[in-house]
Amino acid sequence: MSAASSLRERARSPSSAELQSIPWLRVLDADDRQRMARILVVAHAEPGDRICRVGRAPTYWFGVVDGLLKMSNDSKGGAQITFTGIPPGAWFGEGTLLKREVYRYNIEALRRSTVAGLPIDEFHALLDRSIPFNRFVMNQLNERLGQFIAAREIDRQNHPDARVARSLAALFHPILYPGVGELLRITQQELAYLVGLSRQRVNQALRALQDQNVIRIEYGGLRVLDLAGLREYSFDNPVSKP
C-alpha cells in the first residue's frame, strides 16, 4: 500500500484547534470559511511517508498542522537533494496545483506529522470567487520565490556554520511558516537531514550560533533570538555580540 493511499484511508475531519491553525481560513468570508471547514481533511503521516511524489498528479493542496516535512528530489546519480524543510503552518504546492502539472519533487515526513488537505477542485473554486484567497496565494508565491533565491545563496555557502544559519532562517519565515513562531521543534538529526551535514557538524554550528546570541538551544528545539542576524550570517562576517 502506498503512503498516499494510507493517508487517504486515515483521513478525518479536522478539530476546531486544527482549523484555527490554518492561516488562509482567516482571510475568507464566513460562508467560504464554513464550507472549507466541512471539506478540509487531516491525516497523520508517519516518518518516511511521502505525501507528494515525483511524477504524480496533485489531488490536494497540502498544509502542515503539526510535525516536520522535507521537500527533496533525487539527482541523476541517485543522491537525494533536499530543497527545504516544511514546518507547522506551511501550505505548499500551489504552483503545481495552479498549472495542474505533475509533482517535480517529493514531500516526505521526517517525523510523525499531521497534514491537512484541500481538494484541488475546491482550491481552484476558491481562486475563482475569493479575492482575499487570491491575495493569500499570490503572497505565498512571491515569498516562496524569495525563499528559493535565498536557497541558491545557501548552496554557495562553503562554511557549515553559515549553511546552518541560513537554513534555520528559512525555517523561521513568518509568512510561509506562521505556525513556528520563535521556537522551532526540531532535533539536530532532523536539521542535519535538511542541511546535508552530519549531526555532529550541525551541533558544532549551533553552538557557534548560540555563542553569537542569534539562537538559543532549548530542550526539544531551537529559539531564534535574532532572525535578521541568522539571515545575514556569514563565516567572514559573523554577528557581533552585544
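Predicted model: local features only at pLDDT ≥ 70, side-chain atom pairs only at ≥ 80, totals over all residues.

User: Which residues make the contact between helix 7 and helix 9?

Analyst: Helix 7 supplies Pro160, Asp161, Val164, Ala165 and Leu168. Helix 9 supplies Arg201, Val202, Ala205, Leu206, Ala208 and Leu209. By class, the residues of this contact are 9 nonpolar, no polar and 2 charged.

User: Now helix 9 itself. How many residues does it have, and what does it reach from first C-alpha to last?

Analyst: Helix 9 covers residues 199–211, which is 13 residues. Its C-alpha span is 18 Å, close to the 18 Å expected at 1.5 Å a residue. Just after helix 9, Asn213 has a positive phi of about 65°.

User: Which residues of helix 9 are buried?

Analyst: First the general idea. An α-helix has 3.6 residues a turn, so residues three or four places apart point the same way. Now the case here. Arg201, Val202, Ala205, Leu206 and Leu209 are the buried residues of helix 9. They span an arc of only 140° around the axis, so they sit on the same side of helix 9.

User: What do the buried residues of helix 9 pack against?

Analyst: Their partners are helix 7, helix 8, strand 10 (215–218), strand 11 (221–224) and helix 10 (227–232).

User: Helix 8 is on that list. At what angle do helix 7 and helix 8 pack?

Analyst: Helix 7 (residues 160–171) and helix 8 (residues 188–195) pack at about 100°, with axes 10 Å apart. The two are therefore roughly perpendicular to each other. On helix 7, the contact uses Arg163, Val164, Ser167, Leu168 and Leu171; on helix 8, Leu191, Leu194 and Val195.

User: What about helix 3 and helix 5: how do their axes cross?

Analyst: The axes of helix 3 and helix 5 (residues 120–129) cross at roughly 175° and come within 12 Å. An angle over 145 counts as roughly antiparallel. So helix 3 is roughly antiparallel to helix 5. In this contact, Asp32, Arg35, Met36 and Ile39 of helix 3 meet Glu122, Leu126 and Arg129 of helix 5. The classes are 3 nonpolar, no polar and 4 charged.

User: On to single residues. Is Glu94 buried or exposed?

Analyst: The cut-off for buried is under 20% relative accessible area. Glu94 has 1%, so Glu94 is buried. Glu94 lies in helix 4 (residues 94–99). Setting aside neighbours within four places in sequence, Glu94 contacts Trp61, Phe123, Val137, Gln140, Leu141 and Arg144.

User: Where is Ser21, and how does its accessibility read?

Analyst: Ser21 is in the loop between helix 2 (16–20) and helix 3 (30–39). Its relative accessibility is 31%, so Ser21 counts as partly exposed.

How values were computed:
Residues numbered from 1 in each chain as written. Heavy atoms only, no water. Axes fitted to C-alpha atoms, helices over the stretch in contact; angles between N-to-C directions. Helix = DSSP H or I, 4+ residues; strand = E, 2+ residues; numbered from the N terminus. Parallel < 35°, antiparallel > 145°, perpendicular 65-115°, else oblique. Contact = heavy atoms within 4.5 Å. Expected span 1.5 Å × (residues − 1). Buried < 20%, exposed > 50% of the residue type's maximum accessible area, 1.4 Å probe, protein only. Arc of directions from axis to C-beta. Nonpolar A, V, L, I, M, F, W, Y, C, P; charged D, E, K, R; others polar.
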